[in-house]
Amino acid sequence: MRRAKKITAKIIILVIVSGIFNLLSYAFDQLVIQAELKNRNLERKLVSNRIKLETLSYEITTLNDLSFEVMRTTNYFRKHLPTNLYGSLSFLGEDPKSKFKWQDIYNKQAQNKIGNNFLINLKEMIINFNKKTDEVDTIFKSIFPEPIFYNALLGKYFPIKDIKIDLNILDGFDPSFSNDENIQALKDEKNWKIYSQIYQKIENFKTLDFQFSKYLKRSENKYVEQFAIFFNFIDKYAEEQNKINYFILLSIISQILGILFILLLFKSLISNRNSSDV
C-alpha cells in the first residue's frame, strides 16, 4: 500500500513566495503602464512647450531682422531723398543768375536728361519705399495679425500701411525755375512741403524700430519664462522615465525570482514524491 503524499512546510513556503513574486511582477507591470500614461501626457506638454519656444525664437529672430531692415532702409531713403530731389531741382531749375552753371559742363539736352533721371529716381524711390513698407507689414503681420502702433510725435495710433507715401505726391512738384520771385517763392514753398511730407514718412518708418524693440523685449521675456517651464517639464519627464525604468527592472527581477521559486517548488515536489515512493 502506497503512503500518502505529505505536503511539507517547505512546499507551502515556496508556493507562497513564488506567488508573492508573481504578484509583485504583475503590480510593477501595472505601475509601468500607469507611469507610461502619465509620461505620454508629459510628453505632449513637452512637445507643446517646445513648439512655443520655437515660435518665440522665430519671433525674436524676425523682429531683430525687421529692426535691422528698418534702420537700413531708413538710412538709404534719408540719403537718396535729398540727392534725387535737389538733383532734379539743380539740373531742371537752374537759376540763370547763378555763378555756377551746369551748362558750362553739359549741353542743355544732357542737363535735362540728368535732371529727369533724378526725377525718375525720386519717383522710383517712392515706389520702392511703399514696397518695403508692405514687405515689413506682411512679415510683421505673420507674427502679430493686427499690429497698431502709437506715434508720440503725431499723437495718434496707426497701422504700418499708413506710412506709405501717396504715389501722386510728386504731381505738385515743379523743379523748373521762374524769373518772377513771387512765383518762384510759391514753387519753393510747395516743393519744400512735398519734401517735408516725404521725409516725415521716412521718419515715421524709422519709428517702427522703436515699436519692434518693445515687441522684441516682450518676446524675449516670454522666451525666458517658457524656457524655464520647458526645463521643468524636462526634469519631470526624465524623473517619470526613470521611474518606468525602475519599475521594469523590478518587474523583471520579480519574474526571475518567481520562476526560481517555482523551479524550487517543482524540485521539492519531486523530492517529496521520491521519498514517498520508498
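Glutamate 69 forms a salt bridge with arginine 72, and the closest N and O atoms are 2.5 Å apart. A salt bridge here is a side-chain nitrogen of Lys or Arg within 4 Å of a carboxyl oxygen of Asp or Glu. Both glutamate 69 and arginine 72 belong to helix α1 (residues 9–92), where they sit 3 residues apart, about one turn of the helix. Glutamate 69 is buried at a relative accessible area of 16%, whereas arginine 72 is partly exposed at 43%. Buried stands for under 20% relative accessible area, exposed for over 50%, and partly exposed for values in between (1.4 Å probe, protein chains only).

The model is predicted: local features need pLDDT of at least 70 and side-chain atom pairs count only at pLDDT 80 or more, while totals for chains, interfaces and linings use all residues. Residues are numbered from 1 along each chain as its sequence is written, and side-chain values use heavy atoms, with hydrogens and water left out.

**Overall layout**

The protein has 3 helices and 2 strands, in the order α-α-β-β-α from the N terminus on. Helices (H or I, at least four residues) and strands (E, at least two) are DSSP runs, numbered from the N terminus. Of the 278 residues, 33% are buried. Contact means heavy atoms within 4.5 Å. Among contacts between residues at least 6 apart in sequence, 83% join residues at least 24 apart. The accessible surface comes to about 18200 Å², with 59% of that area belonging to carbon and sulfur atoms; such areas come from the Shrake-Rupley method with a 1.4 Å probe, and for residues only the protein chains shown count as cover.

**Salt bridges**

Side chains of opposite charge can pair when their charged atoms come close.

| Salt bridge | Closest N and O atoms |
|---|---|
| Glutamate 69 and arginine 72 | 2.5 Å |
| Lysine 164 and aspartate 134 | 3.2 Å |
| Lysine 141 and aspartate 137 | 3.5 Å |

What does the salt bridge between lysine 164 and aspartate 134 tie together? Lysine 164 lies in the loop between β2 (156–158) and α3 (181–277) and aspartate 134 in helix α2 (residues 108–141), so the pair ties together parts that are 30 residues apart in sequence. Lysine 164 is partly exposed, with a relative accessible area of 31%, and aspartate 134 is likewise partly exposed at 31%.

The pair of lysine 141 and aspartate 137 is held within helix α2, at a separation of 4 residues, or about one helical turn. Lysine 141 counts as partly exposed at 33% relative accessibility, but aspartate 137 counts as buried at 8%. Salt bridges with shared partners also join Glu69, Arg72, Lys132 and Glu135 into one network.

**Core and aromatic groups**

A nonpolar core is a set of buried Ala, Val, Leu, Ile, Met, Phe, Trp, Tyr and Cys residues joined through side-chain atoms within 4.5 Å. The largest one has 33 residues, and Phe140, Leu170, Ile198, Leu208 and Phe212 touch the most other members. Elements α1, α2 and α3 each give two or more residues to this core, and α3 supplies the largest share, 9 residues. Leaving aside neighbours within four places in sequence, leucine 170 is in contact with Leu122, Lys123, Ile126, Ile194 and Ile198.

The structure holds 12 aromatic pairs, a pair being rings of Phe, Tyr and Trp (its six-membered ring) with centres within 6.5 Å. Tyr76, Phe77, Phe129 and Phe205 form one aromatic cluster.

Serine 88, in helix α1, is buried with a relative accessible area of 0%. Beyond its neighbours within four places in sequence, serine 88 is in contact with Gly93, Gly115, Phe118, Leu119, Phe173 and Pro175. Glutamine 184, in helix α3, is buried at 13%. With neighbours within four places set aside, the contacts of glutamine 184 are Ser176, Phe177 and Ser178.

**A nonpolar surface patch**

Ile259, Leu263, Phe266, Leu269 and Ile270 form a nonpolar patch on the surface, with about 490 Å² of accessible area together. Patches are made of residues with over 30% relative accessible area and no salt bridge, like charges being joined within 9 Å and nonpolar side chains (Val, Leu, Ile, Met, Phe, Trp, Tyr) within 5 Å. Leucine 269 is placed in helix α3 and counts as partly exposed at 38% relative accessibility.

Key: Rings of Phe, Tyr and Trp (its six-membered ring) pair if their centres lie within 6.5 Å; planes under 30 degrees apart count as stacked, over 60 as edge-to-face and the rest as tilted.
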